[in-house]
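Have the viewer open beside you as you read.

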Amino acid sequence: MTISAEAPTIDRVRTVCRLAATLVSATELARAVAVVQDRLDGALRVAIAGRVKAGKSTLLNALVGERLAPTDAGECTKVVTWYQHGPAYDVVAIGYEGQTTAIPFRRVDGALSFDLGQLQPETVQRIVVSWPSSALGELTLIDTPGLASLSAENSLRTTEFLALDDPRPSDADAVIYLMRHLHRRDAEFLGSFMDRSVAGSSPVNAVAVLSRADEIGAGRLDAMTSARRIADRYEHDETVRTLCTAVVPVAGLIAETGLTLREDEAWALRRLAETPHAVLERMLRAADAFCDPGASELTVELRRQLLDRLGVFGVRFCLTEIRAGRSTTASELAQALVAESGLDALRGLITDRFLPRAHVLKARTALVSLRSIARELEAPDPTAARQLAAEIERCEASSPDFAELRLSHLVLSGIVAFSDDQRRELDVVTAPGRGLEERLGLDVAADHGVLRSKALEGVERWRTNGAAPMADVAMREACETMAHTYESLFVELHAPRPNAT
Ligand SMILES: Nc1nc2c(ncn2[C@@H]2O[C@H](COP(=O)(O)OP(=O)(O)O)[C@@H](O)[C@H]2O)c(=O)[nH]1
Ligand SMILES: [Mg+2]
C-alpha cells in the first residue's frame, strides 16, 4: 500500500484503518477497528479529569451551558459519561461487551436526571448522553468519576478509562485537568495520562484548570484575582509546565449558574439585597448565618438554594452588583456571573489550542488505538500484525503534522531546551489554521520575495542550530523539524495561490 505524501494526516490514518479492517475482518478485532474509523469522523473528545469533587461535572455543565451532568454523589457520577451531540435527547448505558441499554431520564428544575435502574454500575463501561446542543457540535465532553474518589473502585474506573498503567489506548483526544491544590498525586496522575502517544507523550493536548476558584479567599470579592495569581504560579511551575501548556482559574459553579439563572433566583437575590448592610455582612460570614431563619424575610429553603447555586462568593458578588445598580435583571446578573467565572479563558484555550489541531489529535488517538489492535493481532495472525504495525510506523513517520506535534512535545515538556524566543517562534511557525505570512512572523501585506527569503532563512538557521556541537539527539531532531516546517512553507509559497501575482 502506498500513502501519498500530500494526503492530509487524517486521510492517511483512514487508509491505515481500511488496511486494518481488511486484516482483522475474520477476527474479533473487527468491531474495534470500526470504532476507530467512526471516531475519526466524529467530534474531538475532550476528557475532564481530576480528583473527586474537583468540580468536573459542574465545569462540564458550564461548558455545555446546561445542567446535564449530575453533580451529586449518585450512582451515575461513578461511571464515565460521554456527552455528545445528537439529533434527539437520548441516554444509553454501554456494557463491556458493547451491549446497549436505554436509560430513562427526566429534567428536574432544569437539571437532567437519570439513574441506572436495574443495572449494576460495575457492568456499565460508560453512559452516553446524546443532546442536541450546539456547544457539543465540535466537542464530545467526557466526564470521569475522579481519581482517589470515595472508593478505590471509582479510582480504578477512572484510571482504567484514562489507561494509566495499561498499554491500552485512551479514548480521549485531549484533556482538561482540574486541580484545586497542587499536590504530588495530581502531577503523577497527569504525567501518566500524558505518557502514551503516537509521537511520545505530549503536553500539547492538555490544559489545566484551577477549579472552584471562587472558594479561594473564603468568599471575598477579590477571589478571582487571587486565583489568577495562583494559576500563574502553577503555570510557571517546572513540573506543571512539562505536563500542560496553560493553567486558568475557573469558578465552574458561577459559570454554570450564570448560564442557567432563573427569573425567580434573580428576584430572590434582589429581595436579599434590600437587607440592611450590617445584617447582610453577618449573614455572609458562614452558611449557617446565611440560613438563620430570623436573618431575612426570604424562606430558609430559598436561601439554601441560592447558596447551592452560587456559593458564598457568588451570592456576595450578585448582591454587590445589585446594590451598585450594575446588574439587576436575571440576564444582566447572568452575564456578570459568566464574565467573572473565568469560563471564557478556558473556552479560548479550547478554541485556540484544541480545535485547530482537532484532526491531528484525533489522528494521533486513532494510531494509538490501531497500534494496540496490531498488538492484539499478534497471537492470531503474526504476519498481518507485522504488516499493520509497519504501516502505522510509516504513516506516523511520513506525516509533518505528527513531527510538529512531537516537536511541540519535546519543547513544551522540557526535553529540548529552546530559548524563550525560540519557543515563541515555534508557537508562531506551527500555529494551526494561520496564514503563511503570520506563520513567518510577517505582515499580511508582505511581499512574496520577502516571504520566500524569510522561509529560506528559517531553514538555514535551524539547520545550523541542529549542527551545533552541543546539540544532542533530541535537539537535532527538534531543529530538523523546525527546518522542515520552514521548508514546507517555502514550498507552499511556490504553489499557485488565488491572489499570487
Ligand atoms: N463554590 C464552588 N463550588 C463548586 C464549584 N464547582 C463545583 N462545586 C461544588 O463542589 C461539589 C462537587 O462538584 P462536582 O462538579 O460534582 O465535582 P466532581 O466530583 O469533580 O464532578 C458540588 O457540591 C458543587 O456544587 C465552584 O466552581 N465553586
Ligand atoms: Mg462528577
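Why does Cys395 count as buried? Cys395 has 23 C-beta neighbours inside 10 Å, so it counts as buried; the label needs 20 or more other C-beta atoms within 10 Å of the residue's own, while 12 or fewer makes a residue exposed and anything in between partly exposed, with C-beta atoms placed from the backbone. Before going further, please keep in mind that this is a predicted model, in which local features need pLDDT of at least 70 and side-chain atom pairs count only at pLDDT 80 or more, while totals for chains, interfaces and linings use all residues. Residues are numbered from 1 along each chain as its sequence is written, and chains are lettered from A and ligands numbered from 1 in the order in which they are written.

Cys395 sits in helix α16. Helices here are DSSP runs of H or I with at least four residues, strands are runs of E with at least two, and both are numbered from the N terminus. Helix α16 covers residues 382-398, and its 17 residues reach 24 Å from first C-alpha to last, close to the 24 Å expected at 1.5 Å a residue (the expected span is 1.5 Å times one less than the number of residues). Along with Cys395, Leu388, Glu391, Ile392 and Glu396 are buried in α16. Seen down the axis of α16, the buried residues fall within an arc of 135°, so they line one face of the helix; the arc is that of the directions from the helix axis to the C-beta atoms. An α-helix has 3.6 residues a turn, so residues three or four places apart point the same way. On the other side of α16, Pro382, Thr383, Ala390 and Ala397 are exposed.

What covers that buried face? The cover includes α1 (9-24), α15 (358-377) and α17 (400-412). Cys395 and Val16 are 379 residues apart in sequence, yet 7.7 Å apart in space, C-alpha to C-alpha.

Now turn to the strands. β10 (residues 206-211) pairs with β11 in the parallel sense over four bridges, where pairing takes at least two bridges found by DSSP. Val248 in β11 is the bridge partner of Val209. From β11 (residues 247-250), Val247 and Pro249 point one way and Val248 and Val250 the other, and all are buried.

Finally, take in the whole protein chain: it has 21 helices and eleven strands, and buried residues make up 41% of its 501 residues.

Conventions:
Contact = placed C-beta atoms within 7 Å.
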